[in-house]
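Visitor: I would like to learn how to read the helices and side-chain pairs of a model. Where should I begin?

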Amino acid sequence: MKTQPFHLSLALAGGVTLASMIALNSTMAFFSSPLLASWVAHGVGAVISLAVLMIASVLFGEKISLLPKSETPIWAYLGGIPGAFTVILAAITVNSPLGLSGSIALIMAGQVLFGFVCDTLGLFGLTKRTMNINDGMALMLMVAGCLMTLFGRG
């Protein structure tokens with residue numbers, strides 16, 4: 001399947017929103033605690049997600065389901081757990097000497113590394129995908145960029 005520009009744009013927008021979320025949550029954590037920042041982020045996120053889901057279901061009718069399918073695996077409901085830890089850990093690291101760019105560089109490195117593991121092993125029901133030389137080169141470049149971000153500040 002060929003990657004479409006629309007999907008590339010959505011992924012890029014996801015990165016921008018993730019960086020924004022981390023910056024906002026770390027400010028909340030600075031003035032309160034990482035745990036409260038996680039609670040607030042997920043509470044506000046739940047309300048906004050429910051509103052978007054309801055609006056989308058009205059606009060698109062039957063295309064958007066308000067209930068999961070009965071064959072949804074039970075472990076698929078656990079996505080909030082790593083989400084909560086992401087908010088907590090990012091809030092701690094952004095308020096450290098790593099700052100926002102260093103935290104995001106390491107978060108991105110962790111995401112890409114674990115993404116390759118998930119793709120290679122077919123974890124979480126993903127289609128297995130064998131890593132190739134381009135994946136390896138991209139991984140090395142990403143690690144190099146991460147190291148430059150962390151240690152390249154003169």
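Guide: Contact means heavy atoms within 4.5 Å. Helices (H or I, at least four residues) and strands (E, at least two) are DSSP runs, numbered from the N terminus. This is a predicted model, in which local features need pLDDT of at least 70 and side-chain atom pairs count only at pLDDT 80 or more, while totals for chains, interfaces and linings use all residues. Residues are numbered from 1 along each chain as its sequence is written, and side-chain values use heavy atoms, leaving out hydrogens and water.

Visitor: What covers the buried residues of H5?

Guide: Buried means under 20% relative accessible area, exposed over 50%, and partly exposed in between (1.4 Å probe, protein chains only). The cover over the buried residues of H5 includes helix H4, residues 99–121.

Visitor: Which residues of H5 are buried?

Guide: An α-helix has 3.6 residues a turn, so residues three or four places apart point the same way. In H5 the residues Asp135, Leu139, Met142 and Cys146 are buried. They cover an arc of only 65° around the axis, which puts them on the same side of H5; the arc is that of the directions from the helix axis to the C-beta atoms. On the other side of H5, the exposed residues are Ile133, Asn134, Met140, Leu141, Met148 and Phe151.

Visitor: What span should H5 have, and how far apart are its end C-alpha atoms?

Guide: The expected span of a helix is 1.5 Å times one less than its number of residues. For the 19 residues of H5 (residues 133–151) that gives 27 Å, and the end C-alpha atoms are 27 Å apart, which agrees. The N-terminal end of H5 is capped by Asn132, with a side-chain oxygen 3.0 Å from the backbone nitrogen of Asn134. That is a polar contact, meaning a pair of N or O atoms within 3.5 Å; within protein, one must be able to donate a hydrogen and the other to accept it, and residues adjacent in sequence count only if both atoms are side-chain atoms.

Visitor: How do H1 and H3 read by this approach?

Guide: The 27 residues of H1 should span 39 Å, and the end C-alpha atoms of H1 are 39 Å apart, in agreement. Its buried residues are Ile22, Asn25, Ser26 and Ala29, and they pack against H2, H3 and H4. Helix H3 (residues 80–94) has 15 residues and reaches 21 Å from its first C-alpha to its last, close to the 21 Å expected. Val87, Ile88, Ala90, Ala91 and Val94 are buried in H3. The buried residues of H3 pack against helix H1 (5–31), helix H2 (34–60) and H4.

Visitor: How many aromatic pairs does a search of the whole structure find?

Guide: Rings of Phe, Tyr and Trp (its six-membered ring) pair if their centres lie within 6.5 Å; planes under 30 degrees apart count as stacked, over 60 as edge-to-face and the rest as tilted. The search finds 3 aromatic pairs. One of them joins Trp75 and Phe124 in a tilted pair, 6.1 Å centre to centre with 50° between the planes. Trp75 lies in the loop between H2 and H3 and Phe124 in the loop between H4 and H5, so the pair ties together parts that are 49 residues apart in sequence. Phe114 and Phe124 form an edge-to-face pair, at 6.3 Å centre to centre and 65° between the planes. This pair links distant parts of the chain, with Phe114 in helix H4 and Phe124 in the loop between H4 and H5, 10 residues apart. Trp75, Phe114 and Phe124 form one aromatic cluster.

Visitor: Is Phe124 buried, partly exposed or exposed?

Guide: Phe124 has 52% relative accessibility and so counts as exposed. Trp75, at 42%, counts as partly exposed, and Phe114 is partly exposed at 45%.
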